[in-house]
Amino acid sequence: MYPPPQQPPPQKVDSITIPVGPRLGGKVVEAKGLSKAFGDRLLVDGLSFSIPPGAVVGIVGGNGAGKTTLFRMIMGQDTPDSGELELGDTVVPMYVDQSRDDLDASKTVYDAIADGSDEIDLNGRTVNARAYCGWYNFKGADQSKRVGDLSGGERNRLQLARVLRQSGNLLLLDEPTNDLDVTTLRCLEEAVSNFAGSTLVVSHDRWFLDRVATHILAFEGDSQVSWFEGGWADYEAYQRQKTGGQLQPHRVKFRRLATV
Ligand SMILES: Nc1ncnc2c1ncn2[C@@H]1O[C@H](COP(=O)(O)OP(=O)(O)OP(=O)(O)O)[C@@H](O)[C@H]1O
């Protein structure tokens, strides 16, 4: 008799910890009758939702639908045309945006992350700066690479490492999984799931959303944005039922603003 085959031991990966800021009250982000247009393109029309503390909201929809614009409105970088968008009094947002262009190309990865200190303070927990870089899969010689020479995926990791040092309680992630290696992706999934604040994550990555999202905000085309209580699999099943098997249209259509 042969002994039963053994499962290989799980691969040990460094884990990402996102320091949490002040405790969230009952109100995190509330939208009431929110509308936004650029020119005659109506992106959002009468959108209402309330994000619960601890939720991980997956934001989905076609290119150019208005997802980043919603983030910009939450950050106060853009304003709604009508309706209300309010953040709770204790909310401290952390925004990892898509542009990643505020990075100094001449710095090394280590300097860009550590900011001249050997240790990183994660809201009271001190972590060695080189070990912290390792959480984002920058190990050994990778820490000496110049920012200007990084690939898209490396820049993405760098930006995550820089923003997730801050201790906030509302995390906004715009396409965080783009070009991420599988190790960092798993760590990020775990970190988001364990994060004690609320997270809004724009993503086209259905697998990632399936693992982390507790709610879905779907830009469905025709200026319609729907709030859905449930994860990606529930949303997909609901969509299939509603549309008789078809998922979202590939190209986003906008309703035109009426002109007077
Ligand atoms: N400041 C602006 N002035 C005019 N139009 C804008 C402005 N910002 C965004 N837009 C337009 O509004 C639409 C929504 O853009 P937004 O970046 O919010 O979309 P998105 O859903 O995040 O798209 P993607 O998935 O491609 O990043 C696009 O058609 C964009 O060109």
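Is arginine 211 buried, partly exposed or exposed? Arginine 211 is partly exposed, at a relative accessible area of 48%. The legends below describe salt bridges in a predicted model, for which the count comes to 9.

**View 1. Salt bridge between glutamate 189 and arginine 211.** The N to O distance for this pair is 3.3 Å. Glutamate 189 belongs to helix α5 (residues 182-194) and arginine 211 to helix α6 (residues 206-212), so the contact ties together parts that are 22 residues apart in sequence. Glutamate 189 is buried, with a relative accessible area of 8%, whereas arginine 211 is partly exposed.

**View 2. Salt bridge between lysine 27 and glutamate 86.** The closest N and O atoms of the two residues are 2.7 Å apart. Distant parts of the chain are linked here: lysine 27 sits in the segment before β1 (29-38) and glutamate 86 in strand β4 (residues 82-87), 59 residues apart. Lysine 27 is partly exposed, at 30% relative accessibility; glutamate 86 is also partly exposed, with a relative accessible area of 32%.

**View 3. Salt bridge between lysine 36 and aspartate 81.** The side chains meet at 3.9 Å, N to O. Lysine 36 is in strand β1 and aspartate 81 in the loop between α1 (67-74) and β4; the pair links distant parts of the chain, 45 residues apart. Lysine 36 counts as buried because its relative accessibility is 5%, with the cut-off for buried at under 20%. Aspartate 81 is partly exposed, with a relative accessible area of 48%.

**View 4. Network of Lys36, Asp78 and Asp81.** Salt bridges with shared partners join these three residues into one network.

How values were computed. Residues numbered from 1 in each chain as written. Predicted model: local features only at pLDDT ≥ 70, side-chain atom pairs only at ≥ 80, totals over all residues. Heavy atoms only, no water. Salt bridge = Lys/Arg side-chain N within 4 Å of Asp/Glu carboxyl O. Helix = DSSP H or I, 4+ residues; strand = E, 2+ residues; numbered from the N terminus. Buried < 20%, exposed > 50% of the residue type's maximum accessible area, 1.4 Å probe, protein only.
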